[in-house]
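Here is a short report on one structure. Look over the sequence and the model first, then read on.

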Amino acid sequence: MRISRAARTALALASAAALTLTAAGCAAEDEGSDWAASHKPTVDLPKLNGQKLQVAAVWTGDEQKNFRKVLDEFEKRTGAKVEFVPTGDNVATYISSKIEGGAPPDVAMLPQVGVLREFAKKGYLKPLGKGALAESKKNFAKGWRDLGSYEGKQYGIYYKAANKSLIWYNSQAFEDAGVKEAKDWKSFVKDAETLSDSGVDPVSVGGADGWTLTDWFENVYLSQAGPEKYDQLAEHKIKWTDESVTKALKTLAQLWGQKHLLAGGNQGALQTDFPKSVTQTFGNLASPQAALVFEADFVGVNIEGDTKARIGKDAQVYPFPKVGAKSPVVTAGDAAAVLKNSKGAQALATFLASKDAAGIWAAEGGYVSPNKELDLSAYPNQPQREIAKALVDAGNDFRFDMSDQAPAAFGGTKGEGEWKALQDFLTNPKDIKGTQQALEKAAAKAYKK
């Protein structure tokens, strides 16, 4: 789990066979693969009879199967034939080798902002054509369009996203303690105290995997410091010794500095990996080891695979509580990028920017789209609708995972950089100054390379 950035993204993109898990009452809502047949097309596509296209992406298993349904609809409407090619975990390396070998795919799904912009800078990508740009402008907030752009030109369509700002909780534990979904950080910490008083450890933290701690920090920082500061810190235009970082760490210390609020205390949290953080919350529904766990929509995969909890009944989810003026929305995602400037490749990009393409996978489950024109009824159950709604409602105020934007030595390496500094902070939440100094020292070294 989270050994590499690519593996992390692959997991994030795996989101949720579990979210398609249909607790009683949800099964009837599932529209399945009939979605395209029951909805009128909203975008015109050219006839491409006889043309062959190749699309490369990380997806395997059910994800590949569901994306294949999207491609099947494109084939049906255009006459083209589209081959899906799995890239393996390291998408950037795979695509680079294909480009250098003179045989790039027509379209690639790129999971990292930095890779998209690096490829655009090198001339590997082709700017989106008029049709794709028009569909993108109609269906996506400016923030998502900007995320897929480089030096004023748009190269990517964020077809699939992940919402990394979610609190998953044990329904019975909340009911027993008499607490409800917290709207703000103050209420969140207060509820944790109430849960502790009820006899259950409140918060399960997967501190053995340093990436979970970066996600905690990013959500607190985005809500408290705001999007502009977040961008500056992500690019290391301000130092990690900045007062805004001090404030965010002090806020985290309100939770992490109270060992009775963490499952197993600070040392227990430090020794808990991400999967265990989920099973501690949902493994024993009658007597859980923790009442809630924070992480992205892919928590659903672990709930379904490792517990008997039913999403929407035993396991509920709500947005990360606001620390500042607004609740944060931190994201990850895959952008469709054109590598061959052909009529067929541009037509596929146009289709992927439409709500026609988004609706097909949304109805199958395991998918969240930033397409703001897609009706939430396309999703198969209420928890997934709420996750998608929070993503879309963020408008331009969402931000892409900060550690995934950083050099790997700082934001994505076990035992180093941000992961190590925040693990040390979890061990000793009083050492805010020392934590900031360690973060800045590691960042300064990594960003110089």
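## Terms and model

A crossing is left-handed if the near helix is turned anticlockwise from the far one by less than a right angle, and right-handed if clockwise. Helices (H or I, at least four residues) and strands (E, at least two) are DSSP runs, numbered from the N terminus.

This is a predicted model, in which local features need pLDDT of at least 70, side-chain atom pairs count only at pLDDT 80 or more, and totals for chains, interfaces and linings use all residues. Residues are numbered from 1 along each chain as its sequence is written, and side-chain values use heavy atoms, with hydrogens and water left out.

## Helix α11 and helix α21

Two packed helices are described by the angle between their axes and the distance between the axes. Axes are lines fitted to C-alpha atoms, for helices over the stretch in contact, and angles run from 0 to 180 degrees between N-to-C directions. Helix α11 spans residues 243–256, and helix α21 spans residues 432–448. They pack at about 125°, with axes 10 Å apart. That makes α11 oblique to α21. Angles under 35 degrees count as roughly parallel, over 145 as roughly antiparallel, 65 to 115 as roughly perpendicular and the rest as oblique.

The crossing of α11 and α21 is right-handed. Which residues of α11 meet α21? They are Val245, Thr246, Leu249 and Lys250, and they face Ile432, Thr435 and Gln436 of α21. Contact here means heavy atoms within 4.5 Å. By class, this contact has three nonpolar, three polar and one charged residues. Ala, Val, Leu, Ile, Met, Phe, Trp, Tyr, Cys and Pro count as nonpolar, Asp, Glu, Lys and Arg as charged, and the others, Gly among them, as polar.

## Helix α11 and helix α8

Helix α8 (residues 185–197) also packs with α11. Their axes come within 10 Å and cross at roughly 20°. The two helices are therefore roughly parallel to each other. Their crossing is left-handed. From α8, the contact takes in Trp185, Phe188, Val189 and Ala192. From α11, Thr251, Leu252, Gln254 and Leu255 take part. The residues of this contact divide into six nonpolar, two polar and no charged.

Buried means under 20% relative accessible area, exposed over 50%, partly exposed in between (1.4 Å probe, protein chains only).

Arg117 sits in helix α4 (residues 113–122). Arg117 counts as partly exposed, at 30% relative accessibility. Leaving aside neighbours within four places in sequence, Arg117 contacts Asp146, Leu147, Ser149 and Tyr150. A polar atom of the Arg117 side chain lies 3.3 Å from the backbone oxygen of Ser149.

## Gln280

Is Gln280 buried or exposed? Gln280 is buried, with a relative accessible area of 6%. Gln280 belongs to helix α13 (residues 274–282). Its side chain makes a polar contact with the side chain of Ser204, at 2.8 Å. A polar contact is a pair of N or O atoms within 3.5 Å; within protein, one must be able to donate a hydrogen and the other to accept it, and residues adjacent in sequence count only if both atoms are side-chain atoms.

## Positive phi in loops

Most residues other than glycine have a negative phi. Glu151 has a positive phi of about 50°. Glu151 lies in the loop between β4 (149–150) and β5 (153–154), and counts as exposed at 67% relative accessibility. His236 has a positive phi near 60°. His236 is in the loop between α10 (227–234) and α11.
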